[in-house]
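Q: Please give me a close look at a single part of this model, and build up the picture step by step. I would like to follow how its pieces are arranged and what surrounds them.

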Amino acid sequence: MKKELQIPEDKKIINTKELQKLGFSYYKINKFVEEGKLNRLNKSNYENCNFNGEVSDLIYVYAYAPTGVICLMSAAVYYGLSNYRPDSIDVALPRGKNITTLPDWPTFNLYYFQKERYETGILEQWTGENRFKIYDIEKTVVDIIYYRNKIGIEETKEILTKYLKKEDRNINKLYRYAERLKCSDVLKTYLEVLI
């Protein structure tokens, strides 16, 4: 008897290539969509309707914007640097990269970063079998300082204060990023006030 094809229960977002590796044909993928086992998100990604695990909105970024990196306030909240709950996910993209399909939910705030700012400090995180890219904590703090006028001065101060209280903070890395991304003077001013 032929074994029934299964989608791993711990995988929320799955793309066509991954489904094909599991033995799914296009016909079988479409059949799963019709049966309500898969929900088509875009041309190449599906949502597993039988997912059994902790859901994070951040995993949707990889489905809609594979080059997208969680940044700014969304990253600050992820690292516990802010209690603010953003309505949308802040996503950095390389300049010139266009995203054609965006979800109705969760909504994304897109930021187009120049090469150096985009490529610095990217981490790949996993939640179960689902992944997303996010800037490391020092890069997040530097970006918040750089975009302080958009973020808000009070929020920026709160984020930097919480960062400085962390035992695993890396001030040298923070300074290196600030110098590379041209906001070391602003960082020094903030640190003089806060320390």
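A: Strand 1 and strand 3 (residues 45-48) run antiparallel and are joined by 3 bridges, where strands are DSSP runs of E with at least two residues and helices are runs of H or I with at least four, both numbered from the N terminus. The model is predicted, so local features need pLDDT of at least 70 and side-chain atom pairs count only at pLDDT 80 or more, while totals for chains, interfaces and linings use all residues. Residues are numbered from 1 along each chain as its sequence is written, and side-chain values use heavy atoms, leaving out hydrogens and water.

Within this pairing, Ile14 has Tyr46 of strand 3 as its bridge partner. Seen as a whole, the strands form an open sheet of 3 with the order 1-3-2 and antiparallel pairing, two strands being paired if DSSP finds at least two bridges between them. Strand 1 (13-15) and strand 2 (38-40) are the edge strands, each of them pairing on one side only. Neighbouring strands of this sheet are turned against each other by 35° on average, with direction ignored; the axes behind such angles are lines fitted to C-alpha atoms, for helices over the stretch in contact, and angles run from 0 to 180 degrees between N-to-C directions.

Helix 2 (residues 26-34) packs on this sheet and touches strand 2 and strand 3, contact meaning heavy atoms within 4.5 Å, and its direction makes about 100° with that of strand 2. A charge also sits over a ring: the charged end of Lys37 lies 4.6 Å from the centre of the ring of Phe32 (NZ of Lys or CZ of Arg must be within 6 Å of the ring centre and within 35 degrees of the ring normal).

To place this part in the whole, consider the nonpolar cores, which are sets of buried Ala, Val, Leu, Ile, Met, Phe, Trp, Tyr and Cys residues joined through side-chain atoms within 4.5 Å, where buried means under 20% relative accessible area, exposed over 50% and partly exposed in between (1.4 Å probe, protein chains only). The largest nonpolar core has 46 residues, and Ile70, Leu81, Phe113, Val141, Leu160 and Tyr163 touch the most other members. Apart from that core lies another, of 8 residues, which includes Ile14, Ile29, Leu38 and Tyr46.
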